[in-house]
Amino acid sequence: QVQLVVPMAVVFSPGSVPGDLPRPLPFRDVQEMEISVNLRTSVTSRYEMRYRSTTGQEEAALAAATAQEADAALHPLQDTTLGSLTMYVVPETSSLLPQGINVYVGKYRSALVRAVGSLAALQARLREVTQVMSFTASSIAAALSDRVPDGQLSPDARRYLKSSLGYEITFSLLNPDPKSHTVDWDIEGAVNSYVKPVLDKLSMVANFSVDSQILYYAVLGVTPRYDKESSSFLLSAHSLPHVINPVEARLGSSAASLYPVLNFLLYVPERSHSPLYIQDKDGAPVSTNAFHSPRWGGIMVYNVEAPASPQASLPLHVDVDMARVMEVFLAQLRLLFGLSREEVPPEFLLESPGNEGLADWELDHLLWAHTVENIATVSTTLTSLAQLLDKIGNIVIKDDVASEVYRAVASVQSAVTKLSLGHLHAAFQASKEAVTSSERAFFDPSLLHLLYFPDDQKFAIYIPLFLPMAVPILLSLVKIVRETRLHKKEPTKMD
Amino acid sequence: GGMAAALLLLLLLVAAGPGRGRAGAGRERRDTLREELLLSPLPTGDVAATFQFRTRWDADLQRGAVSHYRLFPKALGRLVAALGVRELHLALTQGFWRTRYWGQPPLQAPAGAELWVWFQPTVTDVDKAWKELSNILSGIFCASLNFIDSTNTVIPTASFKPLGLANGTDHHLLRYAVLPREVVCTENLTPWKKLLPCGSKAGLAVLLKAERLFHSSYHSQAVHIRPICRDASCLALSWELRQTLTVVFDFFSSGQGKKDWSLFKMFSRTLTDTCPLASQSKVYVDISPKNKEKELLEVSPPPTSVHEAVVQGDKKTYAVYDLLSPSLFNTSRSLNVQLKWKRPQDSSEMPIPTLHAQRYVGGYGLQTGEICTLIYNTHPYRAFPVILLETVPWYLRLYVHTLTIITKGKENKPSYIHYQPAQDRRRPHLLEMLIQLPANSVTKITIQFERALLKWTEYPPDPNHGFYVGSSVLSALVPSVTAMKDVDVEQSPLFTSLFPSSDGSSYFVRLYTEPLLVNLPTPDFSMPYNVICLTCTVVAVCYGSFYNLLTRTFHVEEPSRGGLAKRLANVIRKFRGVPPL
């Protein structure tokens, strides 16, 4: 039974304390919530709340003019361990929060919450905030998607990448028409200034490697439709699934590593097919001219402006505007990691993560989900290993495989314990070790079940022995039956 | 010493450079592509076509975590960077290059798959890197290179020197393996073509149509990766990827009896446009006059220029078609190079190459045998040494004391011998020798072996087909008849510049002999089942009779009064009116 414990501090600034507090400040309280995934699996979440009033320093920080400044000033005063949250309750009339906004979530692990009249109403609001900042029932369900019954999973949940020890990110520039376009992109600079900060932040979650390539004569799998009105070419939403396959053959496999690959393709359409626009389901053009494919990556179409005169000499030189491209790709990257910011209630204001690309609490959000997913993966792996052993009785488990299994079990137990103590970082590390050990045990080459001779075939080999031996036994059985029948009949005859 | 200093300087430059280098990186092209097709009529009337695609990248692959690829294929670049590869040579070949009749090939490869790799000195566990590399390559090229293991890998000491820039040749960083059983087909060609920047969509690669390429008597495709000097001062490294493909079409024997050919006849395609990424794209046709008779051949359309060079000791003349020159496609939309012979050529005077070799298995029976190698030196007055590398699987147990080398009836003592005996199921025999070949001589090398008995699970499928022994490798500096000039690698045609030329008086040749097919004593694999069947039947019959004996109850029965004789007698008695018996 997995229990997720979120240590949380609720700090009341003067004038924001609700009237119906059960005890004088400071005091502790616990709230529990049950997230059930299927009949057998459920996860309990437990919020350990510490209610207290502000210190002098915090009061000074909260006196800042804007929420951003207050957030920055409060950051050094907080508990910075991963997974912990701090909520600052500000008076109902506070000018820190803009009009109509009740919750401000900062760049770090804290939020400013506007006070409401009663404690119950405040707790309801706090629950909403904590779910945004740590995990929701749906994010846990997505992490356990293998166990969720088929129909019940939201389409979003299928989009998220599976938890892995590492990811490879490949940016590919597709130039299907190098005769007409020479395309240059400063990918090196773009990766350094846009992608690297995000990945540095994510480096705690997994290893990332980034590379890029340019592919020539790589075409999409569908021919776009010509639209006379706009004199442009259109790709409709329903044809997008067919776009990727022929391109993927050219992308090249990640032969040198076992990590999943995230592909981001920038497609510069041929001269004869440009400009090219992507249409959504309703037929309206997509503003970013991009789409993403769940667990695979994203594609963006980059149109080249037609030259002023048709006689302009070919090839046309194109310099890609990397800021525009990277904005789309980074949004897709966040989407693939389940860090979309779209499902937030309107009264919430989320601070943009700025240069780092990722807020601290978003990292926590990812860690919660990945820890739960890792624990689930380990238990599935070990269960299937146990099933395999049950099936093949004479399988040999070598000592190193056995020790990996023991290590996996120990690590997963420690991960569960750490989770119930609220130590997110330690729990995540332990769950990662558990995944590594369990996978190593499961994929050990000595456990290939084809190496073992199936029992039913042994019987087939000895059929030449069993069959002739069975014949006299069966015959004598038949004879016994016949004789007992005769014996039964005979007495009646005698009478 | 000089090289080490240069490398140190390079390190310093790299450490100081990145800030400045990055600013201009987007603009300047740091990689170039050259492509080339060499068409050479062979003495027998066949035609050999050699494609070479050379991608040169002025960057150090093995530095920096993030890598950005343009023309250089990412799959191979990642491999070189991740596994610390210094030099990689992979060849997949179908058929055998008949040196005796076809002459010296520009690039030869043994039948099957050949892989040899030099690793960086920083690689600590070379065997592990080698295993990993062969597995990854097997995935990239869809070949069974994953069957390369310690039983077919050797570490040659003298035969394979690095072809690229190298400081130090510690042969423990080298691994060499040949899989002679490997069959090469379209599934290997497709990934090879995918590595080309223009794919098979434009440029010379348009001609690479699988159904024609494999309808030939020899097909060999290769990938060579090596570091080279960036410029003459050699202060910086560049990486070079050469993809080569050699194919021999047999027009003369397969039909019309004519030796005329054209691009369309060979590839069923013509050249229509160039690859826009290539900085050089040329077709060379070998029109060297033979036997002092000039103007025997006629090529059309007229070539853009004529190139003369000394290649492998012979003076050669090439007609050159530069696909990038605008005049070529002006007159017609496509280029179909045609060659006509003005007079029927008498094939009696075939030039014999200076060095060629032949190998076969001798002996009879299934217990012992003999490997014979004949090496010919046809040079009229010059002797030269040759390095012979022989790799024999462990299940042929070589007897080194039976090794004999005989030239002109006399024993020829090799000046260098390196022999590493096999270990059963662990490593093969390796025999390397430096042999002096006198002028105009045949050298016969024989060594006897005993065939081992394998365990029944060790036999491959279809064991009665026999077991292959990989080609032996001959490396030699062959003295040249004509003096050669030192040429600039960047300017000269690609087919002359893979092997480094040492000096003007000799040229490097690497030859491969025929692979051998040896029969091993093969058991009857159905025997265990037959034995089981037979014994089981016997046991079952015994069991049956015992069972019957033990379970039957025996009654003493009155002898029946029936019987045919008695019945007959009764019938007769009835007729006679006598009472029956």
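**Close-up views of a predicted two-chain model**

View 1. A:Ser172 is buried, its relative accessible area being 0%. In this predicted model, the residue belongs to strand β7 (residues 166-175) of chain A. Apart from residues up to four places away in sequence, A:Ser172 touches A:Trp185, A:Gln213, A:Leu251, A:Phe264, A:Leu265 and A:Leu266.

**View 2. A six-stranded open sheet with strands from chains A and B.** The strand order is β14(A)-β15(A)-β12(A)-β7(A)-β9(A)-β3(B), and the pairing is mixed. At the edges stand β14 (290-293) of chain A and β3 (67-68) of chain B; each has a single partner strand, so one side of each lacks a neighbour in the sheet. Four bridges connect β14(A) with strand β15 (residues 297-301) of chain A in the antiparallel sense. Within this pairing, A:Phe291 has A:Ile299 in β15(A) as its bridge partner.

**View 3. Strand β14 of chain B and its pairings.** Strand β11 (residues 280-286) of chain B and strand β14 (residues 314-322) of chain B run antiparallel and are joined by five bridges. Here B:Val283 is opposite B:Tyr321 of β14(B). Strand β13 (residues 305-311) of chain B also pairs with β14(B), in the antiparallel sense and over seven bridges; B:His307 has B:Tyr318 in β14(B) as its bridge partner. β13(B) and β14(B) make a hairpin with two residues between them, and B:Gln312 in the turn has a positive phi of about 50°.

View 4. Helix α9 (residues 399-421) of chain A contains A:Ala408, which is buried at a relative accessible area of 0%. Beyond its neighbours within four places in sequence, A:Ala408 contacts A:Leu382, A:Ala434, A:Ser437 and A:Ser438. A:Ser437 is 29 residues away along the chain, and 5.2 Å separates its C-alpha atom from that of A:Ala408.

**View 5. The buried face of helix α2 of chain A.** In helix α2 (residues 67-74) of chain A, the buried residues are A:Ala67, A:Ala70, A:Asp71 and A:Leu74. Viewed down the axis of α2(A), these buried residues fall within an arc of 100°, so they line one face of the helix. Their cover includes α1 (56-62), β4 (85-90), β5 (103-105) and β6 (110-114) of chain A.

**View 6. Buried residues of helix α6 of chain B.** B:Asn188, B:Leu189, B:Pro191, B:Trp192 and B:Lys193 are buried in helix α6 (residues 186-194) of chain B. Among the elements of chain B that the buried residues of α6(B) pack against are β2 (47-57), α5 (126-141) and β9 (237-249).

**View 7. Salt bridges between chains A and B.** The side chains of A:Asp211 and B:Arg78 form a salt bridge (2.8 Å, N to O). This pair crosses between chains, from strand β9 (residues 207-216) of chain A, which holds A:Asp211, to helix α3 (residues 74-83) of chain B, which holds B:Arg78. A:Asp211 is buried at a relative accessible area of 3%, and B:Arg78 counts as buried at 18% relative accessibility. A:Lys179 and B:Asp273 also meet through their side chains in a salt bridge (3.8 Å, N to O). That pair too crosses between chains, from A:Lys179 in the loop between β7 and β8 (181-184) of chain A to B:Asp273 in the loop between α8 (263-267) and β11 of chain B. A:Lys179 is partly exposed at 37% relative accessibility, and B:Asp273 is partly exposed with a relative accessible area of 26%.

Conventions:
Residues numbered from 1 in each chain as written. Chains lettered and ligands numbered in written order. Predicted model: local features only at pLDDT ≥ 70, side-chain atom pairs only at ≥ 80, totals over all residues. Heavy atoms only, no water. Pairing = 2+ DSSP bridges. Buried < 20%, exposed > 50% of the residue type's maximum accessible area, 1.4 Å probe, protein only. Contact = heavy atoms within 4.5 Å. Arc of directions from axis to C-beta. Salt bridge = Lys/Arg side-chain N within 4 Å of Asp/Glu carboxyl O.
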